[in-house]
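Please open the model in your viewer and keep the selection tool at hand.

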Amino acid sequence: MKKSFLLFLFGIAFSLPSFAQQTVIKGSVLDGITGQPIPDVTITIEETGQTAKTNGKGEFSFTTNVPLGEQVLKVEIVGYVTKRYPIIVNEGKTVDISGMTLDYDSSDKKDLFIISISDDNLNSEDDGLTDNISGLLQASRDVFLNAAAFDFSATFFRPRGLDNANGKVLINGIEMNKQFSGRPQWANWGGLNDMQRNQEFSMGMSANDYNFGDLAGTNNIIMRASKYRRGGRISYASANRSYQGRVMASYNSGLLEGGWSYSVLGSRRYGENGYIDGTLYDANSFFVAVEKQINKDHSLNFTGIYAQNRRGRSTAITQEVYDLKGRQYNPLWGELNGEQRNSRMRNTDEPILMLNHFWDISSKVRLNTNVAYQFGEIANTRIDNGGTRLFTVGGENAYLGGARNPDPTYYQNLPSFFLQDANPTANDFQNAYSAQQQFLNDGQMPWASFYEGNLRPDNVGGNSLYAIQADVIKDQQLSFNSILDAELADNIRLNTSVNYRRLNSQNFARIEDLLGGTGYLDVDFFAEEDANSTISDEVAANLAQSDVNNPNRIVREGDRYKYNYEMDAEVVSTFAQAQFKYNKIDFYVGANISQTSYQRTGLYENGFFQGGGNNGSFGESDNLSFTNYGIKGGFTYKITGKHLLDVNASYFTKAPTLRNSFSNARQTNATVIGLESENIQSVDASYIFRSPKVKARLTGFYSGFKNGSDIGFYFTEDLAGLGVDTGDAFVQEVLTNIERRHVGMELGIEAQVTPTIKLKGAASIGQYTFQNNPDLYLTSVDFQNRSDIPQEIRFGDGTTQLKDVHVAGGPERAFQLGFEYRDPNFWNIGVTSNFFSNAYVDVSNLARSANFTSDFDGNTFNDYDPVVARELLKQEQFDDYMLVNIVGGKSWRVNDYFVGFFATINNVFNEEYRTGGFEQSRLANFRRMQEDKSRANGPVFGSRYFFGTGTTYYLNVYVRF
């Protein structure tokens, strides 16, 4: 007994000093106006890089490896002005800095992001050409990434040459990237600015608590009711870039008695035009989140999002069209009965429902389990000018109809078409002048002529020649994941997750408007039996049918037609990561493994691809399956508290997207030949300097891609080896075995030269090129019924000569200098000057295959000149340009209300520049291209370009309470 008592006293003697000597930093963070606690504020000890987050009461603490002496705490959260608090830490003492305050940031760049990035991605005819990474970066506090998100974004600059498919967007821990394209659909949560202020961003492949990540980083948008600051906000915005006006109201209850909290938001964005003519904007967004804290360990959150968006789209135009009509011109709209109408509308209507369970298993182990269901559709409309009538002659069916391409920029409507001959006649000049005047005076979609064509006397009682077609993707997706966060020791954390996603995607064309007609005959007007065909008469008789099982069907408004199939996708993945933190070095290692499967199910039996199986169109395709894995690791070495070295490296594989897995999914089950998972390796190394007045980061990066794939669709003429006058076809161009290399450096620096003035600079110098000659083949319904050629056409050795060609996607070089002035009386202004260079056109792959050198018989052109060919195929580099932007704001406190405004003017000096473009592949051989490019009055089929906006503004006025 005595011995036990002595041991007890001995234990106390040793334990008491350990308690007495514990060093602690603790405190709380409050809203500087309302005095309410702010949750999820990041507190960083700048000397060591240690971080903590405030809880629901705004409280935080550091209890392990606390550095001694003079320290600086950085206090930051999106939506508030970052502050730094100097403290002195003595060994064995507690530093209590409760009541720190943050001031609301009136320079609300979130709104600037929403209007300049996510909305622009809905504006173009081809999302792939305009989709960029900048939306991922809005939550980052990094100097360079802030420049990329808010100033470089108008040029579609892509940091490190990456786009949205190379990054991950999560909402409450659930991945939102589409399985069809790999990209997030920003419109699904557009208009919810007030509810997107709580975000966690991890750069590149660095450690992330939720998933393995991707090269462009991971951004988790936290939409939990309990995480929003109590209070409300009402705002009105006016702009001239995407929409013209926006009204928004939101309210957050904060934590109520009984453990309940809720958040609600409603907004409307509207406008007849953005900066580009005819780009109607009509969007309504609603948000609700309700959370119940069941007890101190369990919490249940429901989030519902409904963001309906209807947008008028624009398209790329040639230099000839630009010279005649300017950069605001959009050929896709016209007037009908005095009202503006766009032929290519994009309608997004995909609600999201989400349930999240948060379980604090212990003080050091947390489990977050989430389930989400997303449903609805995205529909893109266009003019269908292939309407016909059915005639029976001699017992055989024939189709009469079809109409001319109604696009005002169709090449036969432009002056260059009439002046294409080497020696134009007087009549040619007269026709060219007439075309020019007609285009200048109108040049818009001729809506009235569509109704007239459908109602003309010889078509009374017949079918529509013109109709509005919608290409519809109707998805139902179920997502589930469970995320574990465990502190194994004071300096070791384990993150693991299990994820499951199942998608059923219905894809079909739908009649939206018969334009005054009574019905539409569901056949392919351009279908015809080839002279070399050996198919049976029965098969030949059905070539034109969209669905052989329902021939010559008359469809009405709301009916499906042309194509109708389902895509099923299933992804199962797991991820594990360990993070280690020490006084001089922090490091992490992570790994993931996943299984992806795809299958197409044809609901129509297409006339060109009759039957089932992988070579037909009806029923199930082959099941595609991909097993993927990845590993990553990195470290931060703390040379001193101010100087750090950060390194990240990864190697992983990615399954191809649904879009790139089937060569012509609208008509056939055929899968891409040679399809493989993409292999990606990357490394980046950064020197980081941080002090109370200066922050800087210099990074070198490398990313390598192998086994990439891509599919394009276009009409081309005179394909090699197909014979005289039989080489024209609408084709699917399939690229596989694509290798790319992205290398470069980026710099961000800012200096707080006075308490009110901050200078900042950013730079990116990169080179993004193809590293091999990828495999290329073409498919087409025009090849399908010919016995003299294969069903997949390859040229020469089957490759396209892309090695060392630049990957298109915004400027490779970008530089910024700027300053911010933030007055103690709550007003601020900032100016940035941004310089861009080394942007390139997207080249024609077909023109760089052996098709370019080959005549109709497959032999090399007898007049082929390699010197001339190199000049014809030289990749176009766009001109350099500089954009100056101004931002500013002011706020006032009126009793318990916070009133303010935020404004920005982009491209102050109205600079004209190109943001992107692509070579047309219509004339993709030496002889035809040389002829077209050498025309004295300009090419008929020149490259098409996207042009940047001129001077634009955004003004947001708000009341916060």
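Begin by selecting Tyr 243 and Tyr 281, both of which are buried; buried means under 20% relative accessible area, exposed over 50% and partly exposed in between, with a 1.4 Å probe and protein chains only. This is a predicted model, in which local features need pLDDT of at least 70 and side-chain atom pairs count only at pLDDT 80 or more, whereas totals for chains, interfaces and linings use all residues. Residues are numbered from 1 along each chain as its sequence is written, and side-chain values use heavy atoms, with hydrogens and water left out.

**Aromatic pairs**

Rings of Phe, Tyr and Trp (its six-membered ring) pair if their centres lie within 6.5 Å; planes under 30 degrees apart count as stacked, over 60 as edge-to-face and the rest as tilted. How many aromatic pairs does a search of the whole structure find? The search gives 39. Tyr 243 lies in the loop between strand 12 (231-239) and strand 13 (245-252), and Tyr 281 in strand 15 (residues 281-293), so the pair ties together parts that are 38 residues apart in sequence. Helices (H or I, at least four residues) and strands (E, at least two) are DSSP runs, numbered from the N terminus.

Next, select Tyr 329 and Phe 439. Their ring centres are 5.5 Å apart and their planes stand at 75°, so this pair is edge-to-face. The pair links distant parts of the chain, 110 residues apart: Tyr 329 is in the loop between helix 5 (319-325) and strand 18 (333-336), and Phe 439 is in helix 7 (residues 426-441). Tyr 329 counts as buried because its relative accessibility is 5%; Phe 439 is buried too, with a relative accessible area of 3%.

For a cluster, select Phe 144, Phe 152, Phe 157, Phe 836, Tyr 881 and Tyr 913, which form one aromatic cluster.

**Charges over rings**

Now display Arg 914 with Tyr 945: the charged end of Arg 914 sits over the ring of Tyr 945, 3.8 Å from its centre. The criterion is that NZ of Lys or CZ of Arg is within 6 Å of the ring centre and within 35 degrees of the ring normal. Then display Arg 960, whose charged end sits over the ring of Phe 898 at 4.7 Å from its centre.

Move to strands 1, 4 and 7. Here an open sheet of three strands has the order 4-1-7 and mixed pairing. Strand 4 (59-62) and strand 7 (94-102) each have a single partner strand, so one side of each is left without a neighbour in the sheet. Strand 1 (residues 24-31) and strand 7 pair in the parallel sense over seven bridges. Ile 25 stands opposite Val 95 in strand 7.

Select strand 38 (residues 775-779), which is mostly covered, as four of its five residues are buried. Strand 36 and strand 38 pair in the antiparallel sense over five bridges. Gln 732 has Thr 779 in strand 38 as its bridge partner.

Which loop holds Thr 756? Thr 756 is found between strand 36 (729-752) and strand 37 (757-770). Thr 756 counts as buried because its relative accessibility is 18%. Not counting residues up to four places away in sequence, Thr 756 touches Glu 820, Tyr 821, Arg 822 and Pro 824; contact means heavy atoms within 4.5 Å.

**The whole chain**

Finally, zoom out. The protein chain has 12 helices and 45 strands. Along its principal axes the C-alpha trace spans about 115 × 60 × 60 Å. Of the 961 residues, 56% count as buried. Among contacts between residues at least 6 apart in sequence, 72% join residues at least 24 apart.

Note on methods. Two strands pair if DSSP finds at least two bridges between them.
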